[in-house]
Amino acid sequence: MKVAVNDIPPEGMTLSFSDAVAGPQDLGPQVEAVVRAPWAELRLERVGELVTAEGEYAAELVLTCSRCLGPLPLSLRGELEWAFRPLGQEDRDEVQLAGDDADLSFYEDGEVDLAQALRDELGLALPMAPLCSQDCPGLCPVCGKLVKPGESCCRRDDTDPRWAKLARLKK
Ligand SMILES: [Zn+2]
Ligand SMILES: [Zn+2]
């Protein structure tokens with residue numbers, strides 16, 4: 001979803017879009033599947049070459065649990081506040097107009113890439129190391145199988161009988 005800066009009228013404009021072509025790899029390494037495409041509803045305004053966007057977004061994803069690698073459904077919803085400047089323009093005066101809270105991005109060829117900005121936003125909103133539950137026991141460090149909650153798989157402190165014999169010999 002790209003919008004030509006010159007198409008934004010002086011009174012601003014409202015639009016919504018969904019990024020139907022966004023795949024898991026576009027959003028982050030911890031994303032396994034996109035259930036409902038990233039969606040946003042935005043109010044666009046323009047002050048000179050500075051473009052501001054405010055609104056909200058939503059997406060439904062399936063993440064991969066960082067411990068057991070199992071699926072973890074996640075609904076995301078949040079507010080957006082973006083500011084875009086033409087690439088190469090480095091003075092910060094205009095950015096102040098957009099407010100300090102806005103995430104600053106750049107645009108090229110007179111077009112603001114809203115879909116890309118949304119992908120970046122989602123990437124930042126995702127947990128770096130998602131867990132399917134806070135007490136996910138993860139995979140057994142010995143045999144690599146999934147450990148059920150509350151159970152232990154191969155106990156690491158189990159004494160191997162051969163070592164026990166060796167220990168006796170040492171004495
Ligand atoms: Zn897990
Ligand atoms: Zn095990």
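**Core contacts and loop residues in a predicted model**

Apart from its neighbours within four places in sequence, Leu118 contacts Asp19, Pro38, Ala40 and Tyr57, two residues being in contact if their C-beta atoms, placed from the backbone, lie within 7 Å. The structure is a predicted model, in which local features need pLDDT of at least 70, side-chain atom pairs count only at pLDDT 80 or more, and totals for chains, interfaces and linings use all residues. Residues are numbered from 1 along each chain as its sequence is written, while chains are lettered from A and ligands numbered from 1 in the order in which they are written.

Leu118 is also among the residues with the most contacts inside the largest nonpolar core, together with Val51, Leu61, Phe84, Val112 and Leu114. This core has 25 residues; a nonpolar core is a set of buried Ala, Val, Leu, Ile, Met, Phe, Trp, Tyr and Cys residues joined through C-beta atoms within 7 Å. At least two core residues come from each of β3 (31-47), β4, β5 and α3 (114-125), and β4 provides the largest share, seven residues. Helices (H or I, at least four residues) and strands (E, at least two) are DSSP runs, numbered from the N terminus.

Two residues other than glycine have positive phi values. For Leu69, in the loop between β4 (50-64) and β5 (71-86), phi is near 65°. For Asp109, in the loop between β6 (103-107) and β7 (111-113), phi is near 55°. A residue is buried if 20 or more other C-beta atoms lie within 10 Å of its own, exposed if 12 or fewer, and partly exposed in between. Leu69 is therefore partly exposed, with 13 such neighbours, whereas Asp109, with 10, is exposed.
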